[in-house]
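Have the model open while you read.

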Amino acid sequence: MTVLGKLPKYNGPADFYSQNGSTFLAAASVPYNHNFSHVRTLYGRVFQITESSTVCQDVYANWEAGYHDAGHSFHVSLRGAQVLVPADGITRSWCWSQVPTYTDHQFHYYVDGNTEGHYAFTYGGGRVRYSWQ
């Protein structure tokens, strides 16, 4: 994990993920940016990597007001390998290696600790990129 602080500026379209449905604006290739809101559990866009077997996720998250406590945590996973993302608004970067090329992949964004109607939600954003970008 690398702390980036703020997400680098991006001048293109970005996907928007929401618990109530998602909008995909860009092509299904890397790199791409995304934003999300009111997320409890959802999958991002389907994408393929073609130039490397390492893909990175730069992401920041915040808790939506009134919807969390110490029993909740926010995670991002790819191919079953998950990372814990602090929901403090600071952008951090994680990379996954040995990811098969020319294969469909999706990042999973989810809040852990949601049980028996006790739900927490997050909002934030990020980008998916190759390690050298």
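In which strand is T122 found? T122 sits in strand β10, residues 122-130; strands here are DSSP runs of E with at least two residues, numbered from the N terminus. A quick word on the source: this is a predicted model, where local features need pLDDT of at least 70, side-chain atom pairs count only at pLDDT 80 or more, and totals for chains, interfaces and linings use all residues. Residues are numbered from 1 along each chain as its sequence is written, and side-chain values use heavy atoms, with hydrogens and water left out.

**The strand and its neighbours**

T122 counts as buried because its relative accessibility is 0%. Buried means under 20% relative accessible area, exposed means over 50%, and partly exposed lies in between (1.4 Å probe, protein chains only). Leaving aside residues up to four places away in sequence, T122 touches F36, S37, H38, V39, N62, W63, E64, F74 and V111, a contact being heavy atoms within 4.5 Å. The rest of β10 is worth a look too: eight of its nine residues are buried, so the strand is largely enclosed by the rest of the structure.

What does β10 pair with? Strands pair if DSSP finds at least two bridges between them. Strand β3 (residues 32-39) runs antiparallel to β10, with six bridges joining them, and N35 stands opposite G125. Strand β5 is also antiparallel to β10, this time with nine bridges; W63 has T122 as its bridge partner in β10.

**The salt bridges**

How many salt bridges does the structure hold? There are three, where a salt bridge is a side-chain nitrogen of Lys or Arg within 4 Å of a carboxyl oxygen of Asp or Glu.

| Pair | N to O distance |
|---|---|
| D58 and R127 | 2.4 Å |
| D58 and R129 | 2.7 Å |
| R92 and D88 | 2.9 Å |

Elsewhere, salt bridges that share partners join D58, R127 and R129 into one network.

D58 counts as buried at 0% relative accessibility, and R127 counts as buried at 19%. Then comes the salt bridge between D58 and R129, which links D58 in β5 to R129 in β10, 71 residues apart. Both D58 and R129 are buried.

Conventions:
Helices (H or I, at least four residues) and strands (E, at least two) are DSSP runs, numbered from the N terminus.
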